[in-house]
Amino acid sequence: MLEKIFKLKENHTDVKTEIIAGITTFMTMAYILAVHPNMLAEAGMDKGAVFTATAIAAVIGTLCMAAFANYPFVLAPGMGLNAYFVYTVVQQMGYPWQAALAAVFIEGIIFILLTCINVREAIFNAIPTSMRHAISVGIGLFIAFVGLQNANIVIGGSTLLSLFSMKNYQGLHGGMGSFRDVGICVLLAVIGVLITGVLVAKRIKGNILWGILITWGLGIICQLTGLYVPNPELKLYTLIPDFSAGLAVPSIAPVFGKLNFTAIPLADLAIIVFVLLFMDLFDTLGTLIGVSAKANMLDKNGKLPKIKGALMADAVATTAGAVLGTSTVTTFMESTSGISEGGRTGLTAVVAAILFGAALLVSPVFLAIPSFATAPALIMVGFYMMSNVGLIDFHDPGEGIPAFIGIGAMSFFYSISEGIVMAVISYVVINVLSGKAREKKISVTMYILAGLFVLRYFLI
């Protein structure tokens, strides 16, 4: 039966290989179950409900990938996309998370329509290659910065930002804080970064997840020996999982269906939806092409067969995820870990989906993981995304300067959308005024985007 559904022999694989590949992919992706609820909790969302929504969205998206395309790719709420949701839309722009979910839902619907009429690839091809790489690099730097902040490694100071010190921290928090609460957490986060870095360097499977668990485990030891003392006033809670309620799945009710379509003015809503579309477009297509290339799934023209089904899985999962109560769902580059183990069909995806579903039963474990233990994961994800900087042509100022502006703006202005906007505007302006617009073959899409973005600054 499995042979008939997934065409295992045709794809030169077998059931055992696919199962191992599915387990491997889940292990490398499971960190999202700890990181994502922590991030969305900063937007005011219920952490337990977000955990449940995250797992269910991953199950839905991954099963759609298996059903629509029979590919071994696994989906979950995406890093970078969740950062934009929390730190730009909610915290910087000041809109409620319910409105941000509505924007994600609209994005998902638009993506379904664009996929049906084969427009997504055309849009992707209209954006300069350097711009695509710069967006990835900028988001990576932004995510790493968030990790440093979450762990209090970087705090406010006389120079706007400074390295953690007990004196500076206490000055910012009314004298609260000591080595036995915030201090030990910062130390554990630094140790966690080094441990995770070693695991990544040694190419240990599931290195980011293992980094989180080891850092958390060291924290539990510190709590049991009295080196760490929880301080709820500083949002530093017990590190020991609470199984008092058994293996009950956290209720999704606090976030399910809480979409607010009226809280964001139309002009801002259009910008937010566009940025979500922009980010998801490059995230998904870039990942699909990169992962499928590693699996030798591309045809002789370098295209991915059944890409429409894969894109539809992403679009449907994003729409469903918004209703469930989570940010944009996308295909994960970590799918390459399962492919490296021989996974070639949707059976790999199904196995990973089953494990995401099973993770719901051990929610107390993931919900007890603190920010200082997930911070190394964010920093390491930033490292992976920063690797694209080498693909940007900095020798060509018309390519390098807009890329540099976009990368810097994302972190310096604490806004992924501002980085994208400034990169697009500067790319068009620099190349047009330097007389290289024709040589660069700037697309009509880029001119339209630049014009709309300039207009936006006059309207705000």
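The following legends describe close-up views of a predicted model.

**View 1. Helix α17 and its surroundings.** Helix α17 comprises residues 371-386. Its 16 residues reach 22 Å from the first C-alpha to the last, close to the 22 Å expected at 1.5 Å a residue. Twelve of the 16 residues of α17 are buried, so the helix is largely enclosed by the rest of the structure. The buried set consists of F372, A373, T374, A375, P376, A377, L378, I379, M380, V381, G382 and M385. These buried residues pack against α3 (32-41), α8 (129-150), α10 (179-201) and α11.

View 2. W216 belongs to helix α11, which spans residues 207-224. With a relative accessibility of 7%, W216 counts as buried, because the cut-off for burial is under 20%. Leaving aside residues up to four places away in sequence, W216 touches L239, P241, V365, A368, I369, P370 and A373. S327 is 111 residues from W216 along the chain, and the C-alpha atoms of W216 and S327 are separated by 25 Å.

**View 3. The aromatic pair F164 and Y169.** Nine aromatic pairs are found in a search of the whole structure. In the pair formed by F164 and Y169, the ring centres lie 5.9 Å apart and the planes meet at 55°, so the pair is tilted. Both partners are buried: F164 has a relative accessible area of 18%, and Y169 has one of 3%.

View 4. F278 is buried, with a relative accessible area of 3%. Together with F453, the residues F274 and F278 form one aromatic cluster.

**View 5. A nonpolar surface patch including I448.** The side chains shown are those of V444, I448, L452, V454, L455 and F458, which form a nonpolar patch on the surface. The accessible area of these residues together is about 620 Å². I448 lies in helix α21, which covers residues 444-459.

Methods:
Residues are numbered from 1 along each chain as its sequence is written. This is a predicted model: local features need pLDDT of at least 70, side-chain atom pairs count only at pLDDT 80 or more; totals for chains, interfaces and linings use all residues. Side-chain values use heavy atoms; hydrogens and water are left out. Patches are made of residues with over 30% relative accessible area and no salt bridge: like charges are joined within 9 Å, nonpolar side chains (Val, Leu, Ile, Met, Phe, Trp, Tyr) within 5 Å. Accessible areas come from the Shrake-Rupley method with a 1.4 Å probe; for residues, only the protein chains shown count as cover. A salt bridge is a side-chain nitrogen of Lys or Arg within 4 Å of a carboxyl oxygen of Asp or Glu. Helices (H or I, at least four residues) and strands (E, at least two) are DSSP runs, numbered from the N terminus. Buried means under 20% relative accessible area, exposed over 50%, partly exposed in between (1.4 Å probe, protein chains only). Contact means heavy atoms within 4.5 Å. The expected span of a helix is 1.5 Å times one less than its number of residues. Rings of Phe, Tyr and Trp (its six-membered ring) pair if their centres lie within 6.5 Å; planes under 30 degrees apart count as stacked, over 60 as edge-to-face and the rest as tilted.
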